[in-house]
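Here is a quick tour of one model, taken pocket by pocket and then down to a few residues. Have the structure open as you read.

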Amino acid sequence: AILFPFGIHERATLTNMWRYIVVLYPVMTGVGVLGVFIWMGEKRQQIKDERYHNLSSAVCCLLSLSISLLYLLVLYGSWVFYDNPDQSIVSLGNSHTRYWLPIFVLLAPAIAYALQRGRDLFIGWSQSERTKRLAYVFPVAILVLMAACSAHLVFLGDDGVLHTREALTTFAEKRAAILNATPEDAIIIVDRADKYLWPDRAVIVPFRSEETYTKIPELLGTAPVYYFGITLPEEDLAYLHEVLFVDTGITFTSVVTIQEETLYEISR
């Protein structure tokens with residue numbers, strides 16, 4: 001309960017590793033893992049040749065890194081939650097992303113080691129001074145590729161700067177339309193819009209809650225009440241009118257539709 005508060009779930013760990021380590025950062029992860037294997041191979045060969053005398057420090061270093069990585073992988077990998085309505089999206093905007101950042105801090109020396117060994121190998125293959133000088137381009141090219149992948153995530157990803165800018169513009173339009181369509185003392189029940197409606201309007205979150213359903217009849221006697229969220233299909237409106245609030249006479253009337261969402265007035 002202390003070391004693994006989310007339990008130990010192997011399949012979830014593998015899924016999260018793939019989503020938040022490989023899918024998001026394929027180049028960085030690939031180079032880092034390659035660096036680990038190169039380092040391990042060289043130390044293994046040095047031990048075989050009896051040329052590596054400081055074995056204890058190498059073992060302690062490798063063991064410490066391995067335990068740290070394994071612990072972080074199992075700890076956060078076993079924690080499954082979705083804060084994006086589209087559960088298939090893997091992006092920097094997912095809260096889960098930040099929990100894996102310590103792993104890349106631990107992988108940073110391995111990435112540097114792989115780049116260094118790649119440069120040295122290129123120099124060893126070179127037959128002239130000119131090609132040897134080109135060997136120094138190799139690590140720079142990999143770093144540029146990593147930077148390009150990061151820039152793509154930051155600016156063009158699902159939750160990137162351009163997408164976020166468009167979303168903020170949309171939120172501003174929805175906010176303006178809702179404020180124009182409701183009085184200042186209105187109470188608006190929302191699923192996610194509380195972040196841009198409050199404090200200009202009193203809000204209740206979420207709509208789909210037994211506690212909220214129970215409070216709606218009481219609220220109607222105190223202030224105008226509205227619901228704003230994904231446009232409800234006819235069967236959902238029928239369920240609200242004919243089942244959930246059938247004894248109260250409460251109805252949901254569409255006021256304004258903004259893209260995929262609609263503002264409903266709740267009244268008797």
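## Ground rules

Helices here are DSSP runs of H or I with at least four residues, numbered from the N terminus. Lining residues are those with an atom within 4 Å of a pocket point. Bear in mind that this is a predicted model.

## The largest pocket

Let's start with the largest pocket, which comes out at about 1,100 Å³. It is lined by 29 residues, and the closest to its centre are N84, P85, A167, F171 and R192. Helix 7 (161-181), helix 8 (194-197) and strand 3 (225-230) are the elements that give two or more residues to this lining.

Which helix gives the most to the lining of the largest pocket? That would be helix 7, with eight residues.

Next up is the second largest pocket, with a volume of about 600 Å³. Its lining takes in 24 residues, and V36, L65, L69, L107 and A110 are the closest to the centre. At least two lining residues come from each of helix 1 (10-23), helix 2 (26-48), helix 3 (55-77) and helix 4 (101-125).

How many charged residues does the lining of the second largest pocket have? None at all: the lining of this pocket splits into 21 nonpolar and three polar residues, with no charged ones.

## A closer look at T29

Staying with helix 2, have a look at T29, which sits in that helix. Is T29 buried or exposed? Its relative accessibility is 10%, and the cut-off for buried is under 20%, so T29 counts as buried.

Setting aside neighbours within four places in sequence, T29 is in contact with I21, V22 and F104.

Over to the strands: strand 4 (residues 251-258) and strand 5 (residues 261-267) pair in the antiparallel sense, over seven bridges.

Notes: Residues numbered from 1 in each chain as written. Predicted model: local features only at pLDDT ≥ 70, side-chain atom pairs only at ≥ 80, totals over all residues. Heavy atoms only, no water. 1 Å grid on protein atoms, 1.4 Å probe; cavity = no way out; pocket = protein on both sides within 12 Å on 5 of 7 lines; lining within 4 Å. Points joined across faces, edges and corners; volume = space filled by probe spheres on them. Nonpolar A, V, L, I, M, F, W, Y, C, P; charged D, E, K, R; others polar. Buried < 20%, exposed > 50% of the residue type's maximum accessible area, 1.4 Å probe, protein only. Contact = heavy atoms within 4.5 Å. Pairing = 2+ DSSP bridges.
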